[in-house]
Amino acid sequence: MSGRSLYDLYMAAAAAVREHDATCATCSQACRCPPGHRQFDEFVRLQDDYLARQAKRP
């Protein structure tokens with residue numbers, strides 16, 4: 001295990017998407033290039049996992 005929390009992975013994915021969006025001339029909110037799409041999908045998956053875990057907390 002890497003030792004990084006789900007939150008850390010989620011935040012790293014968010015930062016990677018922001019960095020990619022800032023440098024990619026083809027990505028927009030409506031359409032993403034293949035690498036940008038993969039990064040965004042990973043971010044969404046991690047966000048969903050994190051929020052689901054938070055919803056289960058007392």
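A disulfide would need the two sulfur atoms within 2.5 Å. Cys27 is in no disulfide either. Its nearest cysteine sulfur belongs to Cys33, at 3.6 Å. Across the whole structure, the search finds zero disulfides. This is a predicted model, and every distance here is computed from it.

Are Cys24 and Cys27 buried or exposed? Cys24 has 17% relative accessibility, so Cys24 counts as buried. Cys27 is buried too, with a relative accessible area of 13%. The cut-off for buried is under 20%.

## His20 and the cysteines

His20 belongs to helix H1. What does His20 touch beyond residues up to four places away in sequence? Two of its partners are cysteines, Cys27 and Cys33.

Gly36 is one of the buried residues of H2. Cys27 is buried as well.

## Overall form

The secondary structure is brief: two helices and zero strands. The C-alpha atoms fill a box of roughly 45 × 25 × 15 Å along the principal axes. The chain has a radius of gyration of 13 Å. A compact globule of 58 residues would have a value near 10 Å.

Of the 58 residues, 24% count as buried. The accessible surface comes to about 4400 Å². Carbon and sulfur atoms account for 56% of that surface. Contacts were also sorted by separation along the chain. Among those between residues at least 6 apart in sequence, 47% join residues at least 24 apart.

Helix H2 covers residues 34-56, which is 23 residues. From first C-alpha to last, H2 reaches 33 Å. That is close to the 33 Å expected at 1.5 Å a residue.

Which residues of H2 are buried? They are Gly36, Phe43, Leu46 and Tyr50. These buried residues pack against helix H1, residues 6-23. An α-helix has 3.6 residues a turn, so residues three or four places apart point the same way. Phe43, Leu46 and Tyr50 are among the buried residues of H2.

## The nonpolar core

The largest nonpolar core holds eight residues in all. They are Leu6, Tyr10, Ala13, Ala14, Val17, Phe43, Leu46 and Tyr50. H1 and H2 each supply at least two residues of this core. The largest share, five residues, comes from H1. In soluble globular proteins, nonpolar side chains tend to be buried together.

Tyr10 is a member of this core. Which residues does Tyr10 contact, leaving aside neighbours within four places in sequence? The partners are Phe43, Leu46, Gln47 and Tyr50. Phe43, Leu46 and Tyr50 are themselves core residues. Gln47 lies in helix H2, and Gln47 is partly exposed, with a relative accessible area of 22%.

## Partly exposed positions

Gln47 is in contact with Tyr10. Along the chain, Gln47 and Arg32 are 15 residues apart. Their C-alpha atoms are separated by 18 Å.

Met11 lies in helix H1. At 32% relative accessibility, Met11 counts as partly exposed. Met11 and Asp48 are 37 residues apart in sequence, yet 12 Å apart in space, C-alpha to C-alpha. Tyr7 has its place in helix H1. Tyr7 has 41% relative accessibility and so counts as partly exposed. Tyr7 and Pro58 are 51 residues apart in sequence and 18 Å apart in space, C-alpha to C-alpha.

Key: Residues numbered from 1 in each chain as written. Predicted model: local features only at pLDDT ≥ 70, side-chain atom pairs only at ≥ 80, totals over all residues. Heavy atoms only, no water. Helix = DSSP H or I, 4+ residues; strand = E, 2+ residues; numbered from the N terminus. Expected span 1.5 Å × (residues − 1). Buried < 20%, exposed > 50% of the residue type's maximum accessible area, 1.4 Å probe, protein only. Contact = heavy atoms within 4.5 Å. Core = buried A, V, L, I, M, F, W, Y, C linked by side-chain atoms within 4.5 Å. Rg over C-alpha atoms; globule rule 2.2 N^0.38 Å. Areas by Shrake-Rupley, 256 points an atom, 1.4 Å probe, with all protein chains shown as cover.
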